[in-house]
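Open the model in your viewer and keep the sequence panel beside it. The stops below go from the whole chain to single residues.

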Amino acid sequence: MNDAVRSMRAMRAWSSDPASLTSESVPIPDPAPGELLVEVRATAITANELTWPESWPAIPCHDLSGVVAATGPGADGWRPGDEVYGLVGFDRPGAAAEYVTAPAADLARKPASVDHLSAAAIPLGALTAWQALHEHAKLAPGQHVLVHGGAGGVGAYVTQLAAQHGARVTATASARDRDFVRGLGADEVLDYSGRFEDQVRDVDMVVDPVGGATTARSWPVLRSGGILVDIAEEPDQAKGGRDDVRSVYFVVEPDGGQLRELASLVDKGQLRPVVSTVFGLSDLAEAFGAQRGSRPPGKVIINVSPA
């Protein structure tokens, strides 16, 4: 980074309306102790993040892939030029900017086998899937997992990671995405326009990034002792009238160690980043519109600073 250049371009949201996004010149942040300053190459849209009230005004987008520009005191083991990826904490300015700071412990080296656009599709979705399956549901080989939205930004990683771990995977998806989701490792794909609760029974866990009526309809498909992991919202503690099942709601946490595990899976060809569409930073408002509409599977990516 040129020390004479002390400002950067960033996109700032002023309301939940994507039209409120403005391009601004703001100071380049300095990395605090234990932090890295990263030159952002690519980031990704997080569904509904502009509706988070605490986010206004704020720089959105929390997936990150880029290059270390500077290190803070104590950020040992890193140097300028290192390629990194990760999830920027939701309490921090996001990566819809030319530079962003993040704790070194929250980042990992970018998978060597993919470019920055693909790497930016990984952190939030794959970390959410990893934490859902391994931390909260304690997935064991041979268990039966139902994942809703199997072609989505989270569901695509739940499908892959569960299958890779030896689970039987049933996923809901549109008819258009059936073959795609099967290609991710799903044993069975159910059209989400139908009644999945009439087609599957006795699953060990449901992973639900959708919420609402989908959650309410998921209780009957669980076996006794099964668990519903809800990522969209706090599930109804009435559990559909059942007292023999469990539920958990969580918000994904940044984790550099888990990112290293995920990068290893990517480089071994065991986990595939899923990119939907790519926009430039100036087109961020349009990208948020695409996130809400019909589009190909995967994450909407923002090409911030092409290498």
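A residue is called buried when its relative accessible area is under 20%, exposed when over 50%, and partly exposed in between (1.4 Å probe, protein chains only). This is a predicted model, in which local features need pLDDT of at least 70, side-chain atom pairs count only at pLDDT 80 or more, and totals for chains, interfaces and linings use all residues. Residues are numbered from 1 along each chain as its sequence is written, and side-chain values use heavy atoms, with hydrogens and water left out.

**Whole chain**

Helices (H or I, at least four residues) and strands (E, at least two) are DSSP runs numbered from the N terminus. Along the principal axes, the C-alpha atoms fill a box of roughly 65 × 40 × 35 Å. The radius of gyration is 19 Å, which agrees with the value near 19 Å for a compact globule of 307 residues; the radius is taken over C-alpha atoms, and the globule rule is 2.2 Å times the number of residues to the power 0.38.

Colour by accessibility next: 54% of the 307 residues are buried. Of the contacts with a separation of 6 or more, 61% join residues 24 or more positions apart, contact meaning heavy atoms within 4.5 Å.

**The cores**

Select Y85, L133, L161 and L262, the residues with the most contacts inside the largest nonpolar core, which has 49 residues. Such a core is a set of buried Ala, Val, Leu, Ile, Met, Phe, Trp, Tyr and Cys residues joined through side-chain atoms within 4.5 Å. Helix α2 (residues 123–136) contributes seven residues, the most of any element, to this core. Another core lies apart from it, with 39 residues that include L36, V40, I45 and L107.

Now select α2, where 11 of the 14 residues are buried. The buried set includes P123, W130 and L133. Just after α2, look at K138, which has a positive phi of about 55°.

Move to α3 (residues 155–164), with eight of its 10 residues buried. Which residues of α3 are buried? They are G155, A156, Y157, V158, T159, Q160, L161 and A162. Show α2, β8 (144–147), β9 (168–173), α4 (178–183), β11 (203–208) and α6 (256–267), which are among the cover over these residues. Centre on L161: leaving aside neighbours within four places in sequence, L161 is in contact with A126, A129, W130, L133, L262, L265 and L271. After α3 comes G166, whose phi is positive, near 90°.

**R168**

Step on to R168, in strand β9. R168 counts as partly exposed because its relative accessibility is 43%. Not counting residues up to four places away in sequence, R168 touches Q143, H144, V145, D187 and E188. The C-alpha atoms of R168 and H144 are separated by 4.7 Å, although the two residues are 24 apart along the chain.

**The loop between β3 and β4**

Finish at the loop between β3 (35–44) and β4 (63–71), where N48 is found. Most residues other than glycine have a negative phi. N48, however, has a positive phi near 70°. C61 lies in the loop between β3 and β4 too, and its phi is also positive, near 75°. Is C61 buried or exposed? C61 counts as buried, because its relative accessibility is 0%.
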